[in-house]
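Hi,

Here is the model I promised to pass on.

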Amino acid sequence: MADPAAISGITPYLSINGARDAIDFYKKAFDAVERDVMLADDKTRIMHATIEINGAPIFLCDFFPEFGSVVTQPQAFNLHIQVDDAQKWWDRAVAAGCTVSMKLEKQFWGDIYGQVKDPFGVSWAIDQADSK
């Protein structure tokens, strides 16, 4: 059955070592809203969860090596958050524990843009469109 939070488009699905901790972190760093959490049979790991950040759904789960889902670090992508106040989002993310990958500043294309990495290895781009 499809998750009603994602009815079209593309929804990121993150496998994270410590999905419960990641959800709690995303609440602090990105004002995430927890929508749904289904625990695995072991009652400790998350089989599937839905959070919402800035109006968009993100799915998460823990790794399950016993079913072939080997623990790996995220690579070669970032989650882009388009916001109306980049500095507010930036300050909250950094205060929560994200590390700066690319300083938040006005870019040559006019937007205010920067990148951070969360403690789980996921890269996030924060972007405020040029108001001109």
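Let me start with a question: which residues are buried in H2? They are Ala86, Trp89, Trp90 and Ala93. Bear in mind throughout that this is a predicted model. Looking down the axis of H2, the buried residues fall within an arc of 100°, so they line one face of the helix. As for what they pack against, the list is H1, E3, E5, strand E6 (99-106), strand E7 (112-117) and E8. Just past the end of H2, Gly97 has a positive phi of about 130°.

Now the core. The largest nonpolar core has 30 residues, and the members that touch the most others are Tyr26, Phe30, Ile53, Leu60 and Trp124. Two or more residues each come from helix H1 (19-30), strand E3 (46-53), strand E4 (56-61), strand E5 (79-83), helix H2 (86-96) and strand E8 (123-128). H1 makes the largest contribution, with seven residues. As a general point, nonpolar side chains in soluble globular proteins tend to be buried together.

If you skip its neighbours within four places in sequence, Tyr26 is in contact with Leu14, Ile16, Asp31, Ala32, Ile51, Ile53, Leu60, Asp118, Phe120, Val122 and Trp124. Two of those contacts, Asp31 and Asp118, are aspartates.

For Cys61, the nearest cysteine sulfur is that of Cys98, 20 Å away. A disulfide needs the two sulfurs within 2.5 Å, so Cys61 is in none. Cys98 is likewise in no disulfide, its nearest cysteine sulfur being that of Cys61. Both side chains are tucked in by the accessibility numbers: Cys61 is buried at 9%, and Cys98 is buried at 5%.

Finally, the charged pairs. The structure holds eight salt bridges, and here are some of them.

- Arg20 and Asp24 meet at 3.0 Å, N to O. They are four residues apart in helix H1, which means about one helical turn separates them. Arg20 is partly exposed at 29% relative accessibility, and Asp24 is partly exposed at 32%.
- Arg45 pairs with Asp42, with the closest N and O atoms 2.6 Å apart. Arg45 counts as partly exposed at 21%, as does Asp42 at 34%.
- Lys103 and Glu105 meet at 3.9 Å, N to O. Here Lys103 is exposed, at 56%, while Glu105 is partly exposed, at 38%.

Arg20 and Asp24 also belong to a salt-bridge network, together with Lys27 and Glu34.

Cheers

Note on methods: Residues are numbered from 1 along each chain as its sequence is written. This is a predicted model: local features need pLDDT of at least 70, side-chain atom pairs count only at pLDDT 80 or more; totals for chains, interfaces and linings use all residues. Side-chain values use heavy atoms; hydrogens and water are left out. A nonpolar core is a set of buried Ala, Val, Leu, Ile, Met, Phe, Trp, Tyr and Cys residues joined through side-chain atoms within 4.5 Å. Buried means under 20% relative accessible area, exposed over 50%, partly exposed in between (1.4 Å probe, protein chains only). Contact means heavy atoms within 4.5 Å. The arc is that of the directions from the helix axis to the C-beta atoms. A salt bridge is a side-chain nitrogen of Lys or Arg within 4 Å of a carboxyl oxygen of Asp or Glu.
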